[in-house]
Amino acid sequence: MAEPAEQGGDHHLVEERLGGEVVFQGHFLDARRDTVRLPDGRSATREYLIHPGAVVVVPLVETPTGLQVVLERQYRYPVGRVMIEFPAGKRDAHETAWQCAVRELREETGYTATEWASAGAIHPVIAYSTECIDIWFARGLTAGDRALDPGEFLDVFTATPAALLDWCRDGQVTDAKTLSCVLRLQNVLDGRWPLEWRPADAFAADIAAEVQP
């Protein structure tokens, strides 16, 4: 069966931006209000947030009792709850997704990894934000000291994939990026979604080659 887009294109769904304004410019989020032309010719208003992009890391650690994942517990002010999440964070300017993943893993958990694998991306809030989160898996972990940002407070712990899956089922885990990563983790462990693992040195060499004059 052909994909819907192959049957006639998406032109009947696309909205055209006519103009807009910056409603609010914050520390890392900008709020915009645009006027758009709808597919039927009418106009409408769209309010949304500009986000610099982020990464989430699924760290895999081998223990004497088997494979575990590294997780965090962190208070999230907008929802007023302590949430269970995979390590994650926003990208800095001129930082690649992999560099951000390495930095966030080390800063938040203290771990460094010898091997990395890209696992796609997600758009967690497509109705009102441009945010795109790149997903990375990490293994060959070595523990070290954390380097949390000022004002950042979180607990780091490990759990089995089975326990994490149960928490998702029971509603203890509701963070969208973590739920999406659990779907990928299940399929990776079952062999249905293989990953292309590469040494950390190879990613670093690629970046160094790109900046050579």
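Helices here are DSSP runs of H or I with at least four residues, and strands are runs of E with at least two, both numbered from the N terminus.

I am working on a predicted model, where local features need pLDDT of at least 70, side-chain atom pairs count only at pLDDT 80 or more, and totals for chains, interfaces and linings use all residues. Residues are numbered from 1 along each chain as its sequence is written, and side-chain values use heavy atoms, with hydrogens and water left out.

**Whole chain.** I looked up the secondary structure and found four helices and 11 strands. The C-alpha atoms fill a box of roughly 65 × 50 × 50 Å along the principal axes. I noted that 36% of the 213 residues count as buried (under 20% relative accessible area; exposed is over 50%, partly exposed in between; 1.4 Å probe, protein chains only). For contacts (heavy atoms within 4.5 Å) between residues at least 6 apart in sequence, 58% join residues at least 24 apart.

**Pocket.** I then turned to pockets. On a 1 Å grid over the protein atoms alone, a pocket is an open set of points where a 1.4 Å probe fits, with protein on both sides within 12 Å along at least five of seven lines; lining residues have an atom within 4 Å of a point. The largest pocket has a volume of about 1200 Å³, counted as the space filled by probe spheres set on the points, which are joined across faces, edges and corners. I listed 35 lining residues, of which Phe28, His51, Arg76, Glu131 and Lys177 are the closest to the centre. Elements that each supply at least two lining residues are E4 (54-63), E5 (66-76), E6 (81-85), E7 (88-90), H1 and H3 (176-189). I recorded H1 as the source of the largest share, four residues.

**Glutamate 107.** I stayed with helix H1, residues 97-109, which holds glutamate 107. Is glutamate 107 buried or exposed? I count glutamate 107 as buried because its relative accessibility is 12%. Leaving out residues up to four places away in sequence, I find glutamate 107 touching Arg146, Ala147, Leu148 and Asp149.

**Histidine 94.** I moved to the loop between E7 and H1, where histidine 94 lies. Most residues other than glycine have a negative phi. Histidine 94, not a glycine, has a positive phi of about 65 degrees.
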